[in-house]
Amino acid sequence: MSAKPNLPEKENRQYVNIAIDLILKVGILFLVIFLCFRILKPFLGMLLWGLIIAIILFPAFHRLRGWLGQRNKLTSILITLVALSVLVLPSIWLVNQLVEGVKFLAGHIQEGDLTIPPPSDSVADWPLIGSWLYENWLELSENLGDSLRGFIPQIVSWGEKTLGTLANTGIGILQFAASIIIAGIFLVFFEKGSNSGRKIFNKVVGERGDEFLDISLQTIRNVATGVLGVAVIQTTLMGVGLILANVPLAAVWIVLILVMTIAQIPVLLFNIPLIIYLFAFMDPFPAVLWALYFLVMGMIDNIFKPLLMGKGSDVPMLVIFLGALGGFLAFGFIGLFLGSIVLSLAHKLYSTWVASEESLT
């Protein structure tokens, strides 16, 4: 008779079999996750932004749903149509104006006749800075063509890159529209989505899953309304003023203001040269009125933010700034909004986790 294998050998073989089985299962799991990621990679930005939009719109959806007799599909369609008309159509107009403005600049640069309008004589009479500003402005307006002639190849190259960026921005707006439609679909199935989200948080965090889920939802809504919402409102009011005041290249300045407001850079930095332009080329009375308007619009965020941002939503300006710029570089136009929310959410969850750990020690 053959000798029976030793008990330690038998246990070792069991451990080896268990290890091989575990490695195969984990390997297959990672393979499936990797393949899913590769398949969904082109749509990840839109899906994530669609989820965030659904979270932002849910309070309005829930209220409208009650008025419409708990009809999810009808409520979602109405919310989606309103969101598309309010957000996407102005964005399409803005991109068209941007393209026209860049083409206008590129054409004048290539022809060598790009000029800055000379200041009016009244600029020299301004107190303190009038004389200095008039002389330097006049010199720049007279010599701009000669100064730029040596940089035309670089400027043309920059213009081509800018047009490419605007093309990507146009694609970003289409993605934005698709994200709103995806958000509408998410809202239709909000009950199942809410249950799934709660189960995921409970799996990852444990018994504090509900708390972290509520913090996540609240942070997303706070940042969306208190940062992005205020940025859109402030940019819209400033943009309307720029258009009505006939400021040249208004669309370019609107995009610049939008980036500044999302990145938490004071709009007053833009208003200083704008007000100088107004007093230089307008009659005194309308210049004073427009200057007051733009000054008020430049500070209106200080009024709206405390009203729209909830308690406990204090996110450092650096986090929002890095999120906006990093998101723009990673995802384009959508990332300008998406990055701020995601990074703010990560910061809030981390802060809550650290605070909870400290309370236990």
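In which helix is Thr261 found? In this predicted model, Thr261 belongs to helix α8, which covers residues 250-262. Thr261 has a relative accessible area of 6%. That value is under 20%, so Thr261 counts as buried. A polar atom of the Thr261 side chain lies 2.9 Å from the backbone oxygen of Leu258. Beyond its neighbours within four places in sequence, Thr261 touches Ala231, Gln234, Thr235 and Val267.

Helix α9 comprises residues 268-281. Its 14 residues, at 1.5 Å a residue, should span 20 Å. The C-alpha atoms at its ends are 20 Å apart, which agrees with that expectation. Several residues of α9 are buried: Phe270, Asn271, Leu274, Ile275, Leu278 and Ala280.

The largest nonpolar core contains 33 residues. Trp49, Ile180, Leu228, Ile262 and Ile341 have the most contacts inside it. Helices α2 (44-67), α3 (72-111), α5 (152-188), α7 (209-244), α8, α12 (317-331) and α13 (333-360) each supply at least two residues of this core. Helix α2 gives the most, with seven residues. Another core, of 17 residues, lies apart from the largest one. Its members include Met238, Ala245, Ile257 and Val267. Val267 is also one of the contacts of Thr261.

Aromatic rings were examined next. The whole structure holds seven aromatic pairs. One of them joins Trp290 and Tyr293. A pair of aromatic rings is described by the distance of the centres and the angle of the planes. For Trp290 and Tyr293, the centres are 5.6 Å apart and the planes make an angle of 90 degrees. An angle over 60 degrees counts as edge-to-face, so this pair is edge-to-face. Both residues sit in helix α10 (residues 284-299). They are three residues apart, about one turn of the helix. Tyr293 is partly exposed, at 26% relative accessibility. Elsewhere, Phe58, Phe61 and Phe190 make up one aromatic cluster.

Charged side chains were considered last. Side chains of opposite charge can pair when their charged atoms come close. A search of the whole structure finds one salt bridge. Asp21 and Lys25 form a salt bridge through their side chains, at 3.1 Å from N to O. Both residues lie in helix α1 (residues 7-40). Four residues separate their positions, about one turn of the helix. Asp21 has a relative accessible area of 36% and is partly exposed. Lys25 reaches 52% relative accessibility, which is over 50%, so Lys25 counts as exposed.

How values were computed:
Residues are numbered from 1 along each chain as its sequence is written. This is a predicted model: local features need pLDDT of at least 70, side-chain atom pairs count only at pLDDT 80 or more; totals for chains, interfaces and linings use all residues. Side-chain values use heavy atoms; hydrogens and water are left out. Buried means under 20% relative accessible area, exposed over 50%, partly exposed in between (1.4 Å probe, protein chains only). A polar contact is a pair of N or O atoms within 3.5 Å; within protein, one must be able to donate a hydrogen and the other to accept it, and residues adjacent in sequence count only if both atoms are side-chain atoms. Contact means heavy atoms within 4.5 Å. The expected span of a helix is 1.5 Å times one less than its number of residues. A nonpolar core is a set of buried Ala, Val, Leu, Ile, Met, Phe, Trp, Tyr and Cys residues joined through side-chain atoms within 4.5 Å. Rings of Phe, Tyr and Trp (its six-membered ring) pair if their centres lie within 6.5 Å; planes under 30 degrees apart count as stacked, over 60 as edge-to-face and the rest as tilted. A salt bridge is a side-chain nitrogen of Lys or Arg within 4 Å of a carboxyl oxygen of Asp or Glu.
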